[in-house]
Amino acid sequence: MKFPASVLASVFLFVAETTAALSLSSTYRSGGDRMWQALTLLFSLLPCALVQLTLLFVHRDLSRDRPLVLLLHLLQLGPLFRCFEVFCIYFQSGNNEEPYVSITKKRQMPKNGLSEEIEKEVGQAEGKLITHRSAFSRASVIQAFLGSAPQLTLQLYISIMQQDVTVGRSLLMTISLLSIVYGALRCNILAIKIKYDEYEVKVKPLAYVCIFLWRSFEIATRVVVLVLFTSVLKTWVVVIILINFFSFFLYPWILFWYSGSPFPENIEKALSRVGTTIVLCFLTLLYTGINMFCWSAVQLKIDSPDLISKSHNWYQLLVYYMMRFIENAILLLLWYLFKTDIYMYVCAPLLVLQLLIAYCTAILFMLVFYQFFHPCKKLFSSSVVEGFQRWLRCFCWACRQQKPCDPTGKADLQSSRDRDETPSSSKTSPEPSQFLNAEDLCSA
């Protein structure tokens with residue numbers, strides 16, 4: 001049975017960020033910064049409440065007679081109690097014999113073109129641990145993108161405007177960044193396990209390191225770009241946020257309406273139609289919050305029974321990173337044009353270049369992960385390198401298709417002149433050679 005390290009990491013980040021936020025809010029109150037205090041408390045307590053509801057919903061405690069657990073969740077102590085319960089189950093699992101076990105069937109990753117199906121017995125204790133891990137993974141994602149991401153953006157903005165980074169603020173920003181990166185990492189692992197549910201997925205340590213670096217560069221760059229733009233154009237940042245929000249929020253619903261599928265009724269049997277709608281809107285809100293800061297890796301599909309698309313769409317991934325890179329470049333350009341005196345001692349061109357390179361570094365680590373460290377890379381129809389080579393061949397073909405236009409015209413003109421000058425000659429000019437079509441070139 002695996003050690004519940006993910007549960008311990010989730011609880012540690014939850015407690016550390018909440019404690020740091022409450023301590024910093026008291027500092028703002030003593031300094032007379034009421035607005036900063038209110039926003040800091042809002043971005044700390046709101047995700048706490050959502051985490052409690054998530055843990056209650058996954059474990060279905062509302063339909064069970066557990067008043068002590070409900071009281072602890074009302075006191076915002078639910079994660080601590082759940083963590084204590086997890087370790088009690090873990091340390092007592094080897095002492096008692098399991099009376100009932102369930103059998104799961106998983107397929108191994110293909111080896112030499114063959115894939116074997118293996119059976120595994122899952123006892124009650126291990127099943128409970130799996131449920132707890134799943135609940136804490138979802139809670140970590142909610143904490144990261146509905147609390148830590150706005151909190152990090154707010155504290156970095158305050159530091160720039162006040163031109164001062166205190167110890168408490170730097171500690172909270174560090175914990176918030178770790179929380180966001182960890183939430184994005186859990187999102188990646190969750191997406192892999194959902195898409196390849198029939199396979200036994202084992203993620204190697206180097207894969208975790210690669211995802212961590214990819215998400216760290218991506219999220220840090222995005223937050224810095226938004227804060228820099230907000231510091232010089234406060235009104236226009238609202239427009240940017242609203243465009244991003246409604247684009248990602250409405251996209252799954254537009255696809256659902258376009259598919260013509262019936263309204264999903266099998267999310268939870270105890271939920272009414274109104275409750276199902278509220279859950280779907282909350283999931284869409286979470287999906288939107290993730291995509292505003294980084295690639296979600298999980299594509300929401302409302303007409304699917306699992307609510308998650310199991311197909312990996314490389315086209316959406318490419319379009320997302322291209323559009324995000326262009327958006328970041330435009331925001332940095334506007335910041336450079338309208339920067340104020342607070343950036344007097346900052347080398348603006350160098351900072352812009354560093355941020356763009358950092359975002360490209362994030363994309364590079366992402367490509368390295370999919371090429372070398374993805375646990376299911378053997379199931380891919382083509383690798384990243386092969387896809388890049390095909391794209392390069394087609395690009396070269398397109399360039400070569402445009403070049404021969406002028407030389408062909410000149411050759412025809414020259415041959416007509418030769419025929420006019422020597423009309424009695426029986427020698428004919430050779431026909432211009434035909435070029436390869438797109439399929440021949442791409443297959444060469």
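Where does UniProt place the feature "transmembrane region"? The unreviewed entry gives residues 35–58, 167–185, 206–229, 235–258, 270–298, 318–338 and 350–373. UniProt positions are in the numbering used here, feature names are shortened, and annotations may be inferred rather than shown by experiment.

A note on ground rules. This is a predicted model, where local features need pLDDT of at least 70 and side-chain atom pairs count only at pLDDT 80 or more, while totals for chains, interfaces and linings use all residues. Residues are numbered from 1 along each chain as its sequence is written, and side-chain values use heavy atoms, with hydrogens and water left out.

**Entry 1: the annotated spans.** I checked residues 206–229 and found 100% helix and 0% strand, with the end C-alpha atoms 35 Å apart. Residues 350–373 are also 100% helix and 0% strand, and their end C-alpha atoms lie 33 Å apart. Helices are DSSP runs of H or I with at least four residues, strands are E runs of at least two, and both are numbered from the N terminus.

**Entry 2: the start of the chain.** UniProt lists residues 1–20 as "signal peptide" in an unreviewed entry. In the model I see 80% helix and 0% strand there, with 34 Å between the end C-alpha atoms.

**Entry 3: α1 against α6.** I found α1 and helix α6 (residues 167–195) packed at about 150 degrees, their axes 9 Å apart. Axes are lines fitted to C-alpha atoms, for helices over the stretch in contact, and angles run from 0 to 180 degrees between N-to-C directions. The pair is therefore roughly antiparallel (over 145 degrees; under 35 is roughly parallel, 65 to 115 roughly perpendicular, the rest oblique). Among the residues that meet are A9, L13 and E17 in α1 and L172, I175 and Y182 in α6; contact means heavy atoms within 4.5 Å.

**Entry 4: α5 against α7.** The axes of helix α5 (residues 124–162) and helix α7 (residues 205–232) come within 9 Å and cross at roughly 50 degrees. That makes α5 oblique to α7. The α5 side of the contact includes L152, L156 and I160, and the α7 side includes V223, V227 and L228.

**Entry 5: aromatic rings.** I noted 19 aromatic pairs in the structure (Phe, Tyr or Trp rings, the six-membered one for Trp, with centres within 6.5 Å). F3 and F87 have ring centres 5.6 Å apart and planes at 65 degrees, so they are edge-to-face (over 60 degrees; under 30 is stacked, the rest tilted). F3 lies in the segment before α1 (5–30) and F87 in helix α4 (residues 78–92), so the pair ties together parts 84 residues apart in sequence.
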